[in-house]
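Here is a short walk through one protein model, written for reading with the structure open beside you.

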Amino acid sequence: MTYFFETYGCEMNIAESAAVEQLMISRGWTKAEHPEEANIVVINTCSVRGSAEQRILGRLGYFAGVKKVRMLNPHTKLRLEDMKYAAEFAKKNGAVPLNLVLMGCMAQRTLDTIQDDYPQIDYVVGTFGKYKFGEIIQNIENGGKGFKIKDEEVYTFAENSYEQGAFSTFVPIMHGCNNFCTYCIVPYVRGRETSRRVDQILAEIDFLTKANVKEITLLGQNVNAYKGEDGTTFPQLLEKICQHIDETKSSIKWIRFESSNPNDFSDELIEVIKRNPHVCHGFHIAAQHGNSEILRRMNRKNTREEFIELTKKLRSAMPDVQLVTDLMVGFPGETEEQFNDILTMMDEIKFESSFMYYYNPREGTPAAKYPDQIDIEVKKARLAKVIDLQSKHTTEVMQKRIGETIEVLADIVSRNNENELLGKTEQNERVAFAGEKKLIGTFVKVKLTGLNGNTFKGELI
Ligand code: SF4
């Protein structure tokens, strides 16, 4: 049996796809080279933006055609050359069904209706039912008909989310969000915050040590709100993980975490990071906006001043810190003056980089019903200004680092030059340097010599 995953959206989806893939591998299934030739195609979906859902609906249309070709249906209207792998597979193997599975946030949001609207979907499994994925696998092996996995009350963490052969991997530690920012769909599709047991997290870390993993990213929608079963807080967990890594002489050297909420970024957390060299000094902390009134309407629970104060604390505690943020323009009611507060905050903080986007209403969230929606052209123009400013700041910050010699985790061969490797710094920046393939998965020293867009050029020392 063969499988193929199409994963959209955030790191949590990547981790959840990897966990389900582990299940298939353990049953002796193998990865298909092309989705059109697989026994099962899993589309792991994202609901955060309407555009992500539109793209997935387009893929569902495509797979409806692929399924017909696979079943040698002569009435298939799509041209065969559009899906030559499916046609070749059917010619060689006869009518072998392709089982289409929809999982993740969009599946959760539309759990009760999507199969009526898109009958090409054989199985639907939401975020709270995915640990029952084994039932789907079993059913396909038995040649059974598709079904919907019924939702469960409680989110269950997979034993491990390790992607075969990876030296850098995600470790989910908490799930869901209690914050209900007025623009965000996450609390509705991922549910309330729930945290994984400390012993289970450490057991996964032991597994990753055996797999010679070098870098982990602790994951959660609101990762620093972690609350373990015995009251363990996120700073305590982080400290425990660092100690465990040292005690077990783990291969893991770098620890990252995301996504962080500014309200849960405590002084205690900053202290733990400072005294534990395993924790990387690059943080992704979402600001979303630079105006306190807009932040209040977003239900963000922090002011502009409080956010700036947090970044100052981080920079003074760790002079090499790099800050990445999320910035949203065009929230309902945003005036030109309020928008300018984003730009002035950016000037004050000088984020090393940002994820920038304009507000897009999500059905089912309070802000989608706000009457003072901003015109799309205004949103686009504001976003362009934010992107320009960020690009200026990123270049300035990167220019200053040229000449430094730093540690880099070599991770892939460059697409443009097979003699060149790409790696990442502790602060999660990209560096390109000449090096042999055998260095992939190892830490090397690199001198930063220049810039190519947002990637450093470097020389191996
Ligand atoms: S903190 Fe806000 S933006 Fe982040 S997941 Fe929770 S509700 Fe969404």
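Is Lys312 buried, partly exposed or exposed? With a relative accessibility of 48%, Lys312 counts as partly exposed. Please keep in mind that this is a predicted model.

## Salt bridges

Lys312 has a partner: Glu348 forms a salt bridge with Lys312, and their closest N and O atoms are 3.7 Å apart. Glu348 sits in helix H13 (residues 336–349) and Lys312 in helix H12 (residues 304–317), so the pair ties together parts that are 36 residues apart in sequence. Glu348 is partly exposed, at 44% relative accessibility. Elsewhere, salt bridges with shared partners join Glu334, Glu336, Arg382 and Lys385 into one network.

In the whole structure, a search finds 27 salt bridges. One of them joins the side chains of Lys148 and Asp112, at 2.7 Å from N to O. Here Lys148 belongs to the loop between helix H6 (133–141) and strand S6 (168–172), while Asp112 belongs to the loop between helix H4 (105–109) and helix H5 (114–117), so this pair ties together parts 36 residues apart in sequence. Lys148 is partly exposed, with a relative accessible area of 33%, and Asp112 counts as exposed at 60%. For a contrast, look at Arg196 and Glu204: their side chains meet in a salt bridge at 2.7 Å, N to O, and both residues are buried.

## Aromatic pairs

How many aromatic pairs does a search of the whole structure find? The search gives 16. In one of them, the ring centres of Tyr162 and Phe207 are 5.8 Å apart and the planes meet at 70°, so the pair is edge-to-face. This pair links distant parts of the chain, with Tyr162 in the loop between H6 and S6 and Phe207 in helix H8 (residues 198–210), 45 residues apart. Tyr162 counts as buried at 7% relative accessibility, whereas Phe207 is partly exposed at 35%.

The rings of Phe257 and Phe265 make a tilted pair, because their planes are at 45°, with the centres 6.1 Å apart. Both partners are covered: Phe257 counts as buried at 4% relative accessibility, and Phe265 counts as buried at 5%. There is also one aromatic cluster formed by Tyr183, Phe331, Tyr359 and Tyr370.

## Strand S4 and its neighbours

Strand S4 (residues 99–104) is mostly covered, with six of its six residues buried. S4 pairs with strand S3 (residues 40–45) in the parallel sense over six bridges, and Leu102 in S4 is the bridge partner of Ile43. S4 also runs parallel to strand S5 (residues 123–125), joined by three bridges. In that pairing, Val101 stands opposite Tyr123 in S5.

## Cysteines

How many disulfides does the count come to? The count is zero. Take Cys280 as an example: its sulfur is 10 Å from the closest cysteine sulfur, that of Cys242, which is too far for a bond. Cys280 is buried, with a relative accessible area of 2%.

## Around the ligand

Which residues surround the ligand? They are Cys177, Asn179, Phe180, Cys181, Tyr183, Cys184, Val186, Pro187, Asn261 and Arg300. By type, this shell divides into seven nonpolar residues, two polar and one charged. Tyr183, listed here in the ligand shell, is also a member of the aromatic cluster with Phe331, Tyr359 and Tyr370.

Note on methods. Residues numbered from 1 in each chain as written. Predicted model: local features only at pLDDT ≥ 70, side-chain atom pairs only at ≥ 80, totals over all residues. Heavy atoms only, no water. Near = heavy atom within 4 Å. Nonpolar A, V, L, I, M, F, W, Y, C, P; charged D, E, K, R; others polar. Buried < 20%, exposed > 50% of the residue type's maximum accessible area, 1.4 Å probe, protein only. Helix = DSSP H or I, 4+ residues; strand = E, 2+ residues; numbered from the N terminus. Pairing = 2+ DSSP bridges. Disulfide = S-S within 2.5 Å. Salt bridge = Lys/Arg side-chain N within 4 Å of Asp/Glu carboxyl O. Phe/Tyr/Trp six-rings, centres within 6.5 Å; stacked < 30°, edge-to-face > 60°.
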